[in-house]
Amino acid sequence: MAAVRTSTEIGFNRAAVVAVLVVTIIFLAPIYWIASTAFKPRNLATTIPPTIVFQPEISPFVKLFTKRSQLRTPPTPEEYAAAPWWERVVFDGGEKIVRDGKGEVQWSGYPNRFMNSLIIAITSTVLAVGMGTFTAYGFSRFKVKGEADLLFFILSTRMLPPVVVAIPMFLMYRAVGLNDSHIGLIILYTAFNLSFSVWLMKGFMDEIPKEYEEAALVDGYTRMEAFFKIVLPEAATGIAATAVFCFITAWNEYAFALIMTNRRAQTAPPFIPSQVGSGLPDWTVIAAGTFLFLLPVAIFTFLLRNHLLRGMSFGAIRK
Amino acid sequence: MATTMITTLDRSSRAAARGLSDISIRNLFIIPTVLFLIVFNIFPLIYSLGYSFTDFRASTNAPANFVGLQNYRDLLNDPYVWSNFAITAKYVIISVAGQLLVGFGVAMLLNRDIPLKGLLTTLLLLPMMLSMAVVGLFWKLLYDPSFGIINYALGLGTFEWLADPKMALYAVALTDIWMWSPFVMLLSLAGLSAVPKHLYEAAAIDRAGPFYTFFRITLPLVAPILMIAVIFRTMEAFKTFDLAYILTSQPTTELISIRLYKMAFQEWQTGRSCALAYIVLIMVLAITNIYVKYLNKVKER
């Protein structure tokens with residue numbers, strides 16, 4: 001093979017490498033733009049030509065977490081000197097942090113929505129992966145009547161468009177008072193992720209040799225003991241990968257959250273766009289909120305890199 | 001190992017001695033999940049099937065009146081709804097074709113020895129993992145006619161991407177292509193790496209040209225996996241809601257999911273929206289069926 005590498009081939013390969021680099025830069029440009037805007041002073045966020053080199057600032061994050069109002073009169077030098085650094089940063093932008101009667105800083109809606117996202121995504125992930133692992137084992141090891149049909153049924157529940165499911169769920173939740181509640185969204189996301197988790201975990205279970213458990217059964221383990229002591233540890237990587245996928249799906253979900261929540265249990269995805277009202281939005285604050293929101297997913301993508309193919313194809317395609 | 005067995009059950013009964021029988025374990029493991037999905041996915045659909053035959057409006061306390069197939073008749077005769085379907089079809093075609101071209105093209109480029117290939121691939125996959133709604137929102141800034149970086153980079157002046165009704169659907173599709181080409185790329189890479197090397201070597205010995213090799217070896221062997229990518233993306237694009245809803249509010253980008261959302265939660269035509277939901281549902285299930293058949297086919301190989 002090495003003998004027949006012509007100069008055209010080498011040239012073609014070099015061109016391909018350059019093309020790949022160009023494509024990567026184009027694909028990452030929007031993400032880079034979010035990250036860099038999150039550290040810009042407001043007046044540099046929307047300049048022409050775009051500002052690429054600048055002194056990074058933390059002020060967008062301070063503004064993201066606090067309630068602010070326009071400064072009518074600039075702060076007196078004493079006020080300015082007495083203020084902590086994070087308040088000065090806001091003063092510099094021509095705004096002041098809103099405080100209540102006792103002088104306590106008022107938080108913006110963001111931290112609360114971020115927490116809601118965390119609570120709802122983690123709880124629904126634990127439930128979906130927990131139930132999914134058991135069910136996948138059941139399908140993998142035992143004969144189930146109409147297995148193909150049942151698995152199709154399970155998968156099809158995931159394929160339903162969210163708005164289609166949301167209409168009756170909205171009415172039912174309203175009837176039982178689950179609208180705008182954490183539990184309501186947790187149930188929806190669990191149901192949504194459960195089918196995915198069954199399909200993906202079944203692939204992982206199928207890969208664990210049956211002989212492991214059979215040996216344990218011969219040794220006198222009960223089936224349950226064999227499952228918990230032999231199969232689960234073997235499936236740990238698969239469980240972790242499935243959990244990360246479920247977490248990302250729940251974390252990113254928008255339509256259900258938009259329809260089912262408005263305040264108390266609202267997650268970050270419907271909240272972040274709602275900040276762009278009329279007039280000129282402060283894109284640095286939106287970028288800061290977006291940046292923090294995307295960060296966990298970006299980290300998880302790197303951790304998951306070897307399982308992405310499998311996860312995205314519901315366990316059907318493995319390397 | 002046998003000493004770790006902790007059982008005081010009657011040894012004469014094998015099932016009792018070994019804990020739960022396999023059949024009860026199977027049922028215990030499978031039935032709760034199936035029940036959960038029936039209660040939270042199928043039951044709501046039965047509920048909305050009932051409402052689809054009524055004139056119910058969730059915004060009033062008026063009782064629902066049975067109207068038979070009236071909602072379905074009205075919807076199928078409504079040119080407005082048909083235009084939503086037409087917009088959706090156009091959107092699906094543009095966006096899936098774009099993803100197929102870009103995704104497969106980049107996979108062809110990547111399918112060779114490249115320094116840092118693993119890292120580059122992971123970086124390229126990043127867009128599809130991010131939240132459509134949140135990243136989609138930021139594309140509003142990228143598309144901005146006066147200070148967006150897209151117009152600046154392409155030298156388009158103050159080109160209107162989202163405010164121009166003719167352009168808006170293409171802009172939404174372009175963002176979708178950016179997000180989901182990596183998915184096609186990921187599947188294509190798997191397909192490409194599975195093509196046996198000896199086929200290429202044989203083709204090289206026969207002095208086959210690159211076109212011949214591509215159309216007679218590469219494409220036929222990658223086709224099944226590409227088909228999976230296309231069906232899956234078609235289904236997802238058909239359901240698109242987040243991206244189009246966040247980026248624009250043009251009538252020319254009113255995809256069927258957005259129409260459904262407005263009908264149900266802004267106009268509060270609950271009965272009619274349930275009927276439309278059913279029409280959409282049947283379409284999605286049909287595509288899902290094709291998808292699963294293909295998945296199983298590829299799995300068998």
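## Backbone features in loops

B:Arg207 is exposed, with a relative accessible area of 75%, and in this predicted model the residue has a phi near 55 degrees, a positive value in a residue other than glycine. Its place is in the loop between helix H9 (197–205) and H10 of chain B. B:Trp268 also has a positive phi, of about 55 degrees, although it is not a glycine, and this residue is found in the loop that runs between helix H12 (256–265) and helix H13 (270–300) of chain B. With a relative accessible area of 22%, B:Trp268 counts as partly exposed, because a residue has to be under 20% to be called buried and over 50% to be called exposed.

In chain A, the peptide bond leading from A:Ile48 to A:Pro49 is cis, with omega near -5 degrees. A:Pro49 belongs to the loop between H1 and helix H2 (59–65) of chain A.

## Domains of chain A

Chain A is divided into domain 1 (2–37), domain 2 (67–106) and domain 3 (110–312). Taken over C-alpha atoms, the centres of domain 2 and domain 3 of chain A are separated by 42 Å.

## Nonpolar cores

The largest nonpolar core has 189 residues, and those with the most contacts inside it are A:Met205, A:Met260 and B:Tyr291. To this core H8(B) gives the most, with 16 residues. A second, separate core has five residues, among them A:Ala216, A:Leu217, A:Tyr221 and A:Ala226.

Once neighbours within four places in sequence are left aside, A:Met205 is in contact with A:Thr133, A:Ala136, A:Tyr137, A:Ser140 and A:Arg141, and also with A:Phe227, A:Val231 and A:Ala235.

## Cavities

Rolling a probe the size of a water molecule over the atoms shows where empty space is left. The count comes to four cavities of 30 Å³ or more, and the largest cavity holds about 750 Å³ of space. Its lining is made up of 31 residues, of which A:Arg158, A:Phe192, A:Thr249, B:Trp180 and B:Glu236 lie nearest the centre of the cavity. Two or more lining residues come from each of helix H6 (147–159), helix H8 (182–207), helix H11 (236–252) and helix H15 (308–312) of chain A, and from each of helix H5 (117–129), helix H8 (165–193) and helix H10 (210–239) of chain B. The largest share of this lining, five residues, comes from H10(B), and by class the lining has 19 nonpolar, five polar and seven charged residues.

The second largest cavity contains about 50 Å³ of space. It is lined by 13 residues, and those nearest its centre are A:Trp33, A:Ala45, B:Leu141, B:Phe147 and B:Ile149. Divided by class, the lining of the second largest cavity has eight nonpolar residues, four polar and one charged.

## The second largest pocket

The second largest pocket has a volume of about 600 Å³. Of the 21 residues that line it, A:Ile26, A:Ala29, A:Pro30, B:Trp139 and B:Ile150 lie nearest its centre. At least two lining residues are supplied by each of helix H1 (7–37) of chain A and helix H6 (132–143), helix H7 (149–154) and H8 of chain B. H1(A) gives the most to the lining of this pocket, with eight residues. By class, the lining of the second largest pocket has 21 nonpolar residues, with no polar and no charged residues.

Notes: Residues numbered from 1 in each chain as written. Chains lettered and ligands numbered in written order. Predicted model: local features only at pLDDT ≥ 70, side-chain atom pairs only at ≥ 80, totals over all residues. Heavy atoms only, no water. 1 Å grid on protein atoms, 1.4 Å probe; cavity = no way out; pocket = protein on both sides within 12 Å on 5 of 7 lines; lining within 4 Å. Points joined across faces, edges and corners; volume = space filled by probe spheres on them. Helix = DSSP H or I, 4+ residues; strand = E, 2+ residues; numbered from the N terminus. Nonpolar A, V, L, I, M, F, W, Y, C, P; charged D, E, K, R; others polar. Domains from an automatic or database assignment. Core = buried A, V, L, I, M, F, W, Y, C linked by side-chain atoms within 4.5 Å. Buried < 20%, exposed > 50% of the residue type's maximum accessible area, 1.4 Å probe, protein only. Contact = heavy atoms within 4.5 Å.
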